[in-house]
Amino acid sequence: MAKQETYSEASSVASDLIHYLNASPTAFHAVDEAKRRLINVGYVQVSEREDWKLEPGKRYFFTRNHSTIVAFAIGKRYVAGNGFYVVGAHTDSPCIKLKPISKVTKGGFLEVGVQLYGSGLWHTWFDRDLAVAGRVIVREEKDGSVSFSHRLVRIEEPIMRVPTLAIHLDRNVNNDGFKVNTQNHLIPILATSVKAELNKVVEENGPIGNETDGKKSTIYSKHHSLLLEMIASQLGCKPDDICDFELQACDTQPSIIGGAVKEFIFSGRLDNLCMSFCSLKALIDTTSSKDDLENESGVRMVALFDHEEVGSDSAQGAGSPVMLDAISRITNSFNSDSKLLQKAIQMSFLVSADMAHAFHPNYMDKHEDNHQPKMHGGLVIKHNANQRYATNSVTSFLFGEIASKHNLPVQDFVVRNDMPCGSTIGPILASGVGIRTVDVGAPQFSMHSIREMCAVDDVKYSYEHFKAFFQEFSQLDAKITVDM
């Protein structure tokens, strides 16, 4: 009976993750879904452009660029200078994004010019049914007054495809490997010129409408009007009201629970929406009842950043001051003494959560014998002597001790000495803020593919581990002495 209940709990958490994934084709949508969930349980949105009036026992969040979100719950026993207990993750994933001028017409086809975002396994984007999603800046006019709004858009139908070359025209592909020239070959096909003309939506030799209308001629000269019409239809506006956008191609195949015994999750963007979801759900579920914050002396926080896949160097990335700004503003809301901020940082702890590489049965030589993270094995604590991960013996012990107390499995990973080591937001935040950090992640296959894979059990373990961290870290931290 206990095993059945455990399976049911794991399946429930995984099913909720599936909903989150399917609602989040882009970083903008991931933040929007996180925002919706937070508001539903009573979190209050604050703006970085305004003064904050915060209270102990209350819960808040803010967004930056609508692609980064920081949510926090202030303990009822909190005083300025106390610590922040943070789980950090990221909202972005490798993808192909539309170029500022995406209009490409060649060989009788309308194609969409794209640029590469991050380090994707680009061959996996071929022969996939692709949609488009992102954000659009829309011009709105009411009572003679013009304003501009930020709107999210998602075309769910498969409207594009990047077809591979037939083996008859590339006889050596299976021996030499599938070699992609991303400039020439990775260009999605939108339509044929003939069909577009017959539908009177696109004219191959020029834009539709009044050529002397600067606004109209500019937008139609940059993007196929067929695409603009589809975006406008989703938004309920005119194509001429589209001022600019940030759009990306998205796989139309939904995230699912799969495998012969329903033990896996097959999805895009598991890196890193899986960790974003688990941390967000853990925060919500440890701060939603009236007693959850009664004895909490610190601040429980989740920070989901954009642009990790391209180095985090942006106004909304982990390399920006966003986390330090949040800690500083919360501390100063209760006491403006500047010395309390330094104290708060030293009392704080960050769990940097980014997916890990599972031991692969078909590529067993890619892991060393003593560090082979297994699926269903729980969160992986990542180590690197050269500080590509920010974990040290103290932070590893503290996070592992929480697992031991709750009988949660945990694993260790270091990369082979003859292979380069990746990195994540952990070292960036540890060095930029000065916060103690442990780097962790759930094990997965096919990282950076358009379609990735992880285990249902590890989703539940991650969620339970983050829950326990929020609930118990302040008491555990008080039992260890280092810099005394």
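A salt bridge here is a side-chain nitrogen of Lys or Arg within 4 Å of a carboxyl oxygen of Asp or Glu. The whole structure holds 20 salt bridges.

This is a predicted model, in which local features need pLDDT of at least 70, side-chain atom pairs count only at pLDDT 80 or more, and totals for chains, interfaces and linings use all residues. Residues are numbered from 1 along each chain as its sequence is written, and side-chain values use heavy atoms, with hydrogens and water left out.

| Glu 246 | Arg 135 | 2.6 Å |

Helices (H or I, at least four residues) and strands (E, at least two) are DSSP runs, numbered from the N terminus. Glu 246 in strand E10 (residues 242–251) and Arg 135 in strand E7 (residues 130–142) are 111 residues apart, and their pair links distant parts of the chain. Asp 285 and Lys 281 both lie in helix H7 (residues 270–285), four residues apart, about one turn of the helix.

Burial is given as relative accessible area (buried under 20%, exposed over 50%, partly exposed in between; 1.4 Å probe, protein chains only). Glu 246 is partly exposed at 40%, whereas Arg 135 is buried at 11%. Asp 285 is partly exposed at 33%, and Lys 281 is buried at 19%.
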